[in-house]
Amino acid sequence: MKKVFLVLTLAAAVSFTSCKDNSAANKVKSENVAKAEQRDEAAKKLPVMTFEETEYDFGNIPQGQSVEKVFKFKNTGDAPLIVTSAKSSCGCTIPQKPEEPVAPGETGEILVKYNGSGRNQVTKTVTITANTEKGTEQLRIKAFVEPKEAAAGQPKA
């Protein structure tokens, strides 16, 4: 019984595969292949976001004093750089991203404002989302926030 089933299966497989003509290969258009190759080559070109610095220390600042830092970068890649978002780790830090794409070889800036809230050593992170290979970049700001009493030279209560 197994032999009969095996013979019938082989016969069916041969009949299905032998009747196929090479119609799929005949339907491929060379112009579509060329377009696909161009698309694939263009997909390999990516922007690269190269920062002058990714971390900045404001040093000692009085509590409540606003400070800001401009992080400069260059697109060292092969395609226009599009920054889609810039988000901070808390509401006390506000980043401003470039609105226009940055062409290859051109520079851009991200402004980061910090309102001086908190006390003692603080570190805030800004996450940049862009069309780079990694997809995200991170910037950090640091400060030692002195309490208002210490900043004014008054003893603590």
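Tutor: Glu 99 is exposed, with a relative accessible area of 63%; here exposed means over 50% relative accessible area, buried means under 20%, and partly exposed lies in between (1.4 Å probe, protein chains only). Before we proceed, please note that this is a predicted model, in which local features need pLDDT of at least 70 and side-chain atom pairs count only at pLDDT 80 or more, while totals for chains, interfaces and linings use all residues. Residues are numbered from 1 along each chain as its sequence is written, and side-chain values use heavy atoms, with hydrogens and water left out.

Glu 99 takes part in a salt bridge with Lys 97, and the closest N and O atoms of the two are 3.5 Å apart. The term salt bridge refers to a side-chain nitrogen of Lys or Arg within 4 Å of a carboxyl oxygen of Asp or Glu.

Another of them joins the side chains of Lys 142 and Glu 55, at 3.0 Å from N to O. This pair links distant parts of the chain, since Lys 142 belongs to strand S8 and Glu 55 to strand S2, 87 residues apart. Strands (E, at least two residues), like helices (H or I, at least four), are DSSP runs numbered from the N terminus. Both partners are partly exposed: Lys 142 has a relative accessibility of 27%, and Glu 55 has one of 37%.

A further salt bridge holds Lys 134 and Glu 137, whose closest N and O atoms are 3.6 Å apart.

Contact means heavy atoms within 4.5 Å.

Which residues of the largest nonpolar core touch the most other members? They are Met 49, Ile 110, Tyr 114 and Ile 128, in a core of 23 residues. Such a core is a set of buried Ala, Val, Leu, Ile, Met, Phe, Trp, Tyr and Cys residues joined through side-chain atoms within 4.5 Å. At least two residues of this core come from each of S1, S2 (55–62), S3, S4 (83–88), S6, S7 (120–130) and S8 (136–146). In soluble globular proteins, nonpolar side chains tend to be buried together.

The C-alpha atoms of Ile 110 and Val 70 are separated by 5.7 Å, although the two residues are 40 apart along the chain. With neighbours within four places in sequence again set aside, the contacts of Ile 110 include Phe 51, Lys 69, Phe 71, Phe 73 and Leu 139.

Two residues on that list, Lys 69 and Phe 71, have an arrangement of their own: the charged end of Lys 69 sits over the ring of Phe 71, 5.9 Å from its centre. This description requires NZ of Lys or CZ of Arg to be within 6 Å of the ring centre and within 35 degrees of the ring normal.

Finally, let us consider the aromatic pairs, of which there are two. The ring centres of Phe 51 and Phe 73 are 5.5 Å apart and their planes stand at 55 degrees, so this pair is tilted. Rings of Phe, Tyr and Trp (its six-membered ring) pair if their centres lie within 6.5 Å; planes under 30 degrees apart count as stacked, over 60 as edge-to-face and the rest as tilted. Because Phe 51 is in strand S1 (residues 49–51) and Phe 73 in strand S3 (residues 67–75), the pair ties together parts 22 residues apart in sequence. Phe 51 is buried at 14%, and Phe 73 is buried at 2%. The rings of Tyr 56 and Phe 58 have centres 5.0 Å apart and planes at 80 degrees, so that pair is edge-to-face. Tyr 56 is partly exposed at 29%, whereas Phe 58 is buried at 16%.
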